[in-house]
Amino acid sequence: SVAMSLHHKLCHTLGGTFDLPHAETHAVMLPHTVAFNAVAVPDLLRPVGDLFGGTPGQGIHEFARSIGAPLALRDLGLAHDSLDRAADLAIANPYANPRPIERAAIRRLLEAAWAGETPEN
């Protein structure tokens with residue numbers, strides 16, 4: 001058995017509840033979920049930052065930008081007023097994750113992903 005963690009929980013929530021496209025949703029969310037978890041497991045994710053440059057989340061985000069991958073949930077059709085519901089669903093029955101799942105932090109993560117912002121970490 002393998003835990004799916006925050007990234008898959010968010011992507012399943014966004015795809016299943018809001019009918020967002022699977023691959024594109026993963027592409028948008030990965031920099032943000034990696035940045036979120038990098039706070040808790042910096043040594044494990046340091047190689048990602050080394051590979052892409054910068055912090056892990058920023059590096060993946062910039063790589064995605066460079067290849068023309070989608071960067072924003074809004075561009076996939078997610079309405080801004082859906083973010084609160086997405087956050088609530090994401091924290092319900094949370095998966096195992098290196099960093100504790102807290103609603104306020106997840107809501108901020110979703111806001112940044114919705115807007116296509118570069119992750120902070």
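Trainee: Which helix gives the largest share of the lining of the largest cavity?

Mentor: Keep in mind that this is a predicted model. A cavity is a space where the probe fits but cannot get out. Here the largest share of the lining of the largest cavity comes from H1, with 3 residues, and the residues that line this cavity are Ser-5, Leu-6, Lys-9, Ala-90, Pro-94, Tyr-95, Asn-97 and Ile-101.

Trainee: How much space lies in the largest cavity, and into which classes do its lining residues divide?

Mentor: About 30 Å³ of space lies in the largest cavity, and the count of cavities of 30 Å³ or more comes to 1. The lining of the largest cavity divides into 5 nonpolar, 2 polar and 1 charged residues.

Trainee: What can be said about the largest pocket, its space and the residues nearest its centre?

Mentor: A pocket, unlike a cavity, is an open set of points. The largest pocket holds about 300 Å³ of space, and among the 13 residues that line it, Ala-105, Arg-108, Leu-109, Glu-120 and Asn-121 lie nearest its centre. H6 supplies the largest share of this lining, 4 residues, while H2 and H6 each contribute at least two residues. By class, the lining of the largest pocket divides into 6 nonpolar, 3 polar and 4 charged residues.

Trainee: Turning to charged contacts, how many salt bridges does the structure hold?

Mentor: The criterion is a side-chain nitrogen of Lys or Arg within 4 Å of a carboxyl oxygen of Asp or Glu, and the structure holds 6 such salt bridges. One of them joins Asp-43 and Arg-46, whose closest N and O atoms are 2.7 Å apart; both residues lie in helix H3, which covers residues 42-52, and they are 3 residues apart, about one turn of the helix. Asp-43 is exposed at a relative accessible area of 56%, whereas Arg-46 is partly exposed at 44%.

Trainee: Which parts of the chain does the salt bridge between Asp-84 and Arg-103 tie together?

Mentor: The side chains of Asp-84 and Arg-103 meet at 3.2 Å, N to O. Asp-84 lies in helix H5 (residues 83-91) and Arg-103 in helix H6 (residues 103-115), so this pair ties together parts that are 19 residues apart in sequence. Asp-84 counts as partly exposed at 38% relative accessibility, and Arg-103 counts as partly exposed at 30%. The pair also belongs to a network of salt bridges that links Asp-84, Asp-88, Arg-103, Arg-107 and Glu-111.

Terms used: Residues are numbered from 1 along each chain as its sequence is written. This is a predicted model: local features need pLDDT of at least 70, side-chain atom pairs count only at pLDDT 80 or more; totals for chains, interfaces and linings use all residues. Side-chain values use heavy atoms; hydrogens and water are left out. Buried means under 20% relative accessible area, exposed over 50%, partly exposed in between (1.4 Å probe, protein chains only). On a 1 Å grid over the protein atoms alone, a cavity is a set of points where a 1.4 Å probe fits but cannot get out, and a pocket is an open set with protein on both sides within 12 Å along at least five of seven lines; lining residues have an atom within 4 Å of a point. Grid points are joined across faces, edges and corners, and a volume is the space filled by probe spheres set on the points. Ala, Val, Leu, Ile, Met, Phe, Trp, Tyr, Cys and Pro count as nonpolar, Asp, Glu, Lys and Arg as charged, and the others, Gly among them, as polar.
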